[in-house]
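User: I have this model open and would like to understand one spot along with its wider setting. Could you take a close look with me and then work outwards?

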Amino acid sequence: MLVSEDTQRTLGDVVDFAYVIAGSEATGGAGLQADLKTFQELGVYGVGTITCIVSFDPQHGWTHRFVPIEPTVIADQIEAATATHDLDVVKVGMLGTPDTIDVVADALAARSWRHVVLDPVLICKGQEPGAALDTDTALREKVLPLATVVTPNLFETKTLAGVDEITTVDQLADAARRIADLGPRYVIAKGGVDLPGDDAVDVLFDGDEVTVLRAPKVGTERVSGAGCTLAAAITAELAKGVVVADAVAFAKDFTTAAIAGRVAAHTPFDTVWQGAYVDQLDP
């Protein structure tokens, strides 16, 4: 069926766009692939820029193989994406090297963003420890202050907050406050399955108040792509104009359903299924 130019223009006007700058994960379970799946499930048009390629190695215990994308190629992708679409909400995932962080931080600072959602990936198992530390430092100094929303897991929360232990919800909330002092307006500190107790507990600190979000734990093991999916769901909802608190609450429910609907594979870990939330709504 042919669509007229006027109809095309009208259809385009009602589309919400969500942008992601992140790594590619070859199994499809995490990274840019999980982000774009989440955007699609939530009814927003996803645009993506690849920063690195991570592929698990099935011959060596499913360890990570990490290949960074050249910074000039990342810059080219960002230029093309932002010239093509009116993008004002972006999720930033795995960056991987200080050079990548430099080019992404410069690109973020050069534009006005309604929201920058940072999923602060602090460790890539395919990097040497020294390189990983340099990357962590650069991320903290150059990208974290540009974020409006940051979504660290428990390890990342401890690292960014500079604390050795988080075993209670009060400690998780205190760490979120410490991270907010580094620049982001909203901090979602995730306890997940790693925080003791029967519930997967996350806290949202908005600069003034702490909101505790709880859901019964679905098993006791981490599921690949859960963190990516949560941050991507927040991004998608923000792209649609939802306020941060409501976006976070919805993303918690969406991700819990995705974990419950997990997909098994030949890997030693399961993967979230973003379609599970919609599936559970069907009669």
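What is the relative accessible area of Lys240, and which residue forms a salt bridge with it?

Analyst: Happy to walk through it with you. Lys240 has a relative accessible area of 34%, which makes it partly exposed (buried means under 20%, exposed over 50%, and partly exposed in between, with a 1.4 Å probe and protein chains only). A word on the ground rules: this is a predicted model, in which local features need pLDDT of at least 70 and side-chain atom pairs count only at pLDDT 80 or more, while totals for chains, interfaces and linings use all residues. Residues are numbered from 1 along each chain as its sequence is written, and side-chain values use heavy atoms, leaving out hydrogens and water.

The partner you asked about is Glu237, whose closest N and O atoms with Lys240 are 2.7 Å apart in a salt bridge (a side-chain nitrogen of Lys or Arg within 4 Å of a carboxyl oxygen of Asp or Glu). Glu237 itself is buried, at 9% relative accessibility.

From here, let us look at other salt bridges; the structure holds 10. One of them joins the side chains of Asp88 and Arg114, at 3.0 Å from N to O. Asp88 sits in the loop between α3 (71-84) and β4 (89-92), and Arg114 in the loop between α4 and β5 (115-118), so this pair links parts of the chain 26 residues apart (helices are DSSP runs of H or I with at least four residues, strands are runs of E with at least two, and both are numbered from the N terminus). Both ends are partly exposed, Asp88 at 28% and Arg114 at 37%. Another bridge connects Arg222 with Asp194, with 2.7 Å between the closest N and O atoms. Because Arg222 belongs to the loop between β9 and α8 and Asp194 to the loop between β7 and β8 (199-205), the pair ties together parts that are 28 residues apart in sequence. Here Arg222 is exposed, at 51%, whereas Asp194 is partly exposed, at 38%.

That β9-α8 loop (between 210-216 and 226-239) also holds Ser224, which is buried at 15% relative accessibility. Its C-alpha atom is separated by 4.6 Å from that of Thr271, although the two are 47 residues apart along the chain. Beyond its neighbours within four places in sequence, Ser224 is in contact (heavy atoms within 4.5 Å) with residues including Gly29, Ala30, Phe269 and Thr271.

Lys190 is buried yet has no salt bridge, and the nearest side chain of opposite charge, Asp119, is 4.2 Å away (Lys and Arg count as positive, Asp and Glu as negative; His and the chain ends are not counted). Asp119, Thr151, Asn153 and Asp202 are among the residues that Lys190 touches, not counting those up to four places away in sequence.

Now for the aromatic side chains. Rings of Phe, Tyr and Trp (its six-membered ring) pair if their centres lie within 6.5 Å, with planes under 30 degrees apart counted as stacked, over 60 as edge-to-face and the rest as tilted. By that rule there are six aromatic pairs. Phe250 and Tyr277 have ring centres 5.2 Å apart and planes at 75°, so they are edge-to-face. Phe250 is in helix α9 (residues 244-260) and Tyr277 in helix α10 (residues 276-281), 27 residues apart. Tyr277 is buried, at 17%. Tyr277 also pairs with Phe254: the centres are 5.6 Å apart and the planes at 45°, so this pair is tilted. Phe254 is buried too, at 0%, and the ring pairs link Phe250, Phe254 and Tyr277 into a cluster.

Leaving aside neighbours within four places in sequence, Val104 is in contact with Ile21, Ile74, Ile78 and Leu95.
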